[in-house]
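These are my notebook entries on one protein chain. I set down what I looked up, entry by entry.

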Amino acid sequence: MYLYTIFYCITEMRKILLAVSISAIALSIQAEIITRDKVSAENIDKMAGSLYQYEAPAQPLTPAPKGFKPFYLTHFGRHGSRFLDNASNYDRPYNTLKEADNAGKLTDFGKDVLRRVEIIRAEAQDRAGDLTPKGMQQHRDIARRMVENYPELFTKDKTIVARSTTSHRVLVSEYSALMQIVRMRPYIRLDYNSSNYDEPYMYTEDKAVSSHKRKASAAVSEFNKRHTNPERLMKALFNDPSYITNQNGRDQSGSLYSALYDLASNAQGSDPGVDLNDVFTYDEWYDLFLMNNMRWYSQGGNTPLTDNVVQYGHCATLQNFIDCADAAINGNGVGANLRYGHEVTLMSFFSLLDLNESGYSTDDLEDVANHWAAYNIAHMGGNVQWIFFRDRKGNIIVKFLLNEEEATLPDSVPFYKDAKGNERRPFYRWDDVRAYYMAKISYWEDYKAKEAEVKKQ
């Protein structure tokens, strides 16, 4: 009886541990969505949407099934945190507030906001669009974790291939990552470049999606009107709110409202010593996030408003991932392909990949942020990684990392099952993954061919 009790307890403990393990995986796979009523001081940085700065992954990675060893990694990453990409992003709100101050139109709160805007602007002087020190560190840390998690890919007999767009902040992101790899593996072979030659799969969008993207503009414009409510803030900033609503004969309140949002959102990516988090109420933060999010969803998401095709604009990126993986599988000696680019590529690329439901489709714009949030997808430093594993029999499986957290494909792609028939999340058979994505590329080619035929008629 005593032995039976011990056996029973051990069995039950194993069940508990298995449940905990599955729960941990589920938590890492399902990224948090912040609804309006959940915005708080603790998560307000995420309301920056695409300007949210990169955070280290919180969940441990699932070990590969027994017998499988990593042999290849392929990646695309957005540049890290940067200063706003144009000096006018700093100058316009500063000049507006400064002129109002000179005219005696600012409240005490408005004067304090001007003081902080001036500090933020001074930090960014002559640095518009540049990668910040935090942005450099983000890419050093991402590269460090690659080497630590998969040391087998960074050995003397492997080559690391890296490409970036010609943008200065992207190039510095690439070099920050490579310098970290070299620090850890000084003997590593690097093949790196930044050239317009690689632009077709690194940045350029298929022109065939352009006309479809324009179809969403009217709906997005109406959406933005519903969520632009600067009145409270203008009363808090100006002792005479009519000053800003009739400045030089025009209402400038909306443009100042959005400009301050950009400054407040982006300040987290550098170290100005001040922030603007208290400028907006939580409701206002959420509305501003919704507009930032809608911009990217309408231009890169999978929605009937754009005929559910804009995500195919970066099929060339997907094809490059597949081609590079095939070459590595066939023994070209490459341990990793690293690509560094912009959110304009990543937003639609993620929708195309449909990781963690990033291919979510709706024409209900008010519901988008409940499923598709830029702070979970392609914020500053955002990246996708495919990790490949092989066993002695030559079987190949792959898992996906979305911002270094394990991610899943739609249910139509089955998880890998081991010899005993056990499902091994979050791993997939490469053959299944390749077929799934090649079908998407084929669909897009057929779609374009049919469109071309219609235009001829």
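**Entry 1: positive phi and a cis bond**

I began with Asp307, which counts as partly exposed because its relative accessibility is 29%; buried means under 20% relative accessible area, exposed over 50%, and partly exposed in between, with a 1.4 Å probe and protein chains only. Asp307 has a positive phi of about 65° although it is not a glycine. I located Asp307 in the loop between H12 and H13; helices (H or I, at least four residues) and strands (E, at least two) are DSSP runs, numbered from the N terminus.

I then looked up Asp354, another residue other than glycine with a positive phi, here near 60°. Asp354 is in the loop between H14 and E5. Asp354 is buried, with a relative accessible area of 15%.

I also noted that the peptide bond from Arg425 to Pro426 is cis, with omega near -5°. Pro426 belongs to the loop between strand E7 (405-407) and E8. For context, most residues other than glycine have a negative phi, and most peptide bonds are trans.

**Entry 2: basis and confidence**

I record that this is a predicted model, in which local features need pLDDT of at least 70 and side-chain atom pairs count only at pLDDT 80 or more, while totals for chains, interfaces and linings use all residues. Residues are numbered from 1 along each chain as its sequence is written, and side-chain values use heavy atoms, with hydrogens and water left out.

The protein chain averages a pLDDT of 93, and 93% of the residues score at least 70; pLDDT is the predictor's confidence in each residue, from 0 to 100. Over residues 1-30 pLDDT stays under 50, and the model has 11 contacts for them beyond four places in sequence; contact means heavy atoms within 4.5 Å. I keep in mind that where pLDDT is low, the predicted coordinates should not be read in detail.

**Entry 3: nonpolar cores**

Which residues touch the most other members of the largest nonpolar core? I found Leu260, Trp386 and Tyr437, in a core of 102 residues. A nonpolar core is a set of buried Ala, Val, Leu, Ile, Met, Phe, Trp, Tyr and Cys residues joined through side-chain atoms within 4.5 Å. Helix H12 (residues 282-300) gives the most to this core, with nine residues.

Leaving out residues up to four places away in sequence, I listed the residues that Leu260 touches, among them Pro93, Val113, Leu233 and Phe280. A second, separate core has 26 residues, including Leu73, Val170, Leu178 and Tyr416.

Helix H13 (residues 315-329) has 15 residues and reaches 21 Å from its first C-alpha to its last, close to the 21 Å expected at 1.5 Å a residue; the expected span is 1.5 Å times one less than the number of residues. H13 is mostly covered, with 11 of its 15 residues buried. Among them I noted Leu318, Phe321, Ile322 and Asp326. Gly331, with a positive phi near 90°, follows H13.

Helix H15 (residues 430-456) has 27 residues and reaches 39 Å between its first and last C-alpha, close to the 39 Å expected at 1.5 Å a residue. Its buried residues include Trp430, Tyr437 and Trp444. H13, H14 and strand E5 (383-390) are included in what covers the buried residues of H15.

**Entry 4: aromatic rings**

How many aromatic pairs does a search of the whole structure find? The search finds 27; rings of Phe, Tyr and Trp (its six-membered ring) pair if their centres lie within 6.5 Å, and planes under 30 degrees apart count as stacked, over 60 as edge-to-face and the rest as tilted.

The pair of Phe76 and Phe349 is tilted, because its centres are 6.5 Å apart and its planes are at 50°. Phe76 lies in strand E1 (residues 69-78) and Phe349 in helix H14 (residues 343-353), so the pair ties together parts that are 273 residues apart in sequence. Phe76 counts as buried at 0% relative accessibility, and Phe349 counts as buried at 0%.

Tyr175 and Tyr192 form an edge-to-face pair, 5.8 Å centre to centre with 85° between the planes. Tyr175 is partly exposed at 37% relative accessible area, and Tyr192 is partly exposed at 45%.

Finally, I checked charges over rings, which require NZ of Lys or CZ of Arg within 6 Å of the ring centre and within 35 degrees of the ring normal. The charged end of Arg339 sits over the ring of Phe321, 4.0 Å from its centre. Arg390 lies over the face of Phe71, at 3.9 Å from the ring centre.
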